[in-house]
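Hello,

Here is the structure you asked about. Please open it first, then read my notes below.

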Amino acid sequence: MLDKAKIKQLIQDVKKKPELASLDDNFVKDHLLKILNKETRTANLLFKNFTSKSRFYHKIIKLVRADLRRVYGLFREKKIDTYLFSELLKKPRDKNLLNNILKTHSSTKERLPIYESLYKQIFAITGKPNTILDLGCGINPLTIPFMKLQNVKYYAYDVSQDEINQINNYLKVINNKGKATVMDITKLENLPPADVAFLFKMTDMLDKNKGHKGTEEVLKHIPAKFVIVSFATLTMSGKPMRAPRRRWMEWLCDRLHYNYQIIEFPNELFYVIEK
Ligand SMILES: C[S@@+](CC[C@H](N)C(=O)[O-])C[C@H]1O[C@@H](n2cnc3c(N)ncnc32)[C@H](O)[C@@H]1O
């Protein structure tokens, strides 16, 4: 039933929405297969008489797009402005340019007032790292200037080819070390050993429908001495959570015999975990 050409056609149609266009095909394929497995009745009816005109076709496309928006599109208010980005490549530490670009992604926008203090507090615990991994990085690698590190090797992973290309261009001008790669971090592929790894605002995505096994597997897999896992402390409506600490994270660390310290800001909580 899962004819390659038909799957390919579905992937290409899903990606016709501009905000999903640069997503990695394999990442889209995984989400498509997940939806086809879940919606067996619709999938059977679609593949019985496969045409892009059928309402079953449209239903599948709609469901896959909704799923991708939840894990990918939701955090991006718009694409990185190409003019601003080309200026940034000429002046990679320019605060104004950085701020304007970092504002286009909700997580980095929210952290603008805290970045310098955040990194200072993290590195006070971990020591100054030579190598950093950033898993599900979004555009966080553009905050390297706030880290005040000399010659850090930065390895960043996410699922949009365009953004990863931009981050690679940025890494080249910042110090020409490290690399950005398109990678689905749930696949637990090989990662370079590092001193510190960032897993900022990623656990909801890792744990969907799986208790906290997804986070546990990724946490165990990361070849870094310290992993920094962060969580929002505001509810969807923007009010502070009554109990922002994630007890499950603390129990998980206890069970795996990892030490942790907590760094708290009004909008985000950071667990600095020592493996
Ligand atoms: C909430 S944003 C966090 C971005 C960044 N960590 C930060 O806090 O600034 C979630 C990010 O995870 C990425 N993402 C979602 N699923 C992923 C996967 N399976 N593998 C790698 N990245 C993923 C999204 O594209 C998005 O950039």
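How much space lies in the second largest pocket? About 360 Å³. Keep in mind that this is a predicted model.

Fifteen is the count for that lining: of the 15 residues, His31, Lys34, Thr186, Met205 and Lys210 are the closest to the centre of the second largest pocket. Helices α2 (25–38), α4 and α11 each give two or more residues to this lining. The largest share, five residues, comes from α2. By class, the lining of the second largest pocket has eight charged, four nonpolar and three polar residues.

Now the largest pocket. Its volume is about 1200 Å³. It is lined by 42 residues, and Phe75, Ser106, Ser107, Lys201 and Asp204 lie nearest its centre. Elements giving two or more residues here are α4, α7 (106–111), α11 (203–207) and β5 (224–232). α7 gives the most, with five residues. The lining of the largest pocket divides into 18 nonpolar, 13 polar and 11 charged residues.

There is also one cavity of 30 Å³ or more. The largest cavity holds about 40 Å³ of space. Its lining includes Leu135, Met183, His221 and Glu189. By class, that lining has seven nonpolar residues, one polar and one charged.

Last, a helix pair. The axes of α1 (residues 4–14) and α4 (residues 55–71) come within 10 Å and cross at roughly 55°. The two helices are therefore oblique to each other. α1 passes α4 in a right-handed crossing. Gln9, Leu10, Asp13 and Val14 of α1 make the contact with Tyr57, Ile61, Val64, Arg65 and Leu68 of α4. Six of these contact residues are nonpolar, one is polar and two are charged.

Best wishes

Methods:
Residues are numbered from 1 along each chain as its sequence is written. This is a predicted model: local features need pLDDT of at least 70, side-chain atom pairs count only at pLDDT 80 or more; totals for chains, interfaces and linings use all residues. Side-chain values use heavy atoms; hydrogens and water are left out. Axes are lines fitted to C-alpha atoms, for helices over the stretch in contact, and angles run from 0 to 180 degrees between N-to-C directions. Helices (H or I, at least four residues) and strands (E, at least two) are DSSP runs, numbered from the N terminus. Angles under 35 degrees count as roughly parallel, over 145 as roughly antiparallel, 65 to 115 as roughly perpendicular and the rest as oblique. A crossing is left-handed if the near helix is turned anticlockwise from the far one by less than a right angle, and right-handed if clockwise. Contact means heavy atoms within 4.5 Å. Ala, Val, Leu, Ile, Met, Phe, Trp, Tyr, Cys and Pro count as nonpolar, Asp, Glu, Lys and Arg as charged, and the others, Gly among them, as polar. On a 1 Å grid over the protein atoms alone, a cavity is a set of points where a 1.4 Å probe fits but cannot get out, and a pocket is an open set with protein on both sides within 12 Å along at least five of seven lines; lining residues have an atom within 4 Å of a point. Grid points are joined across faces, edges and corners, and a volume is the space filled by probe spheres set on the points.
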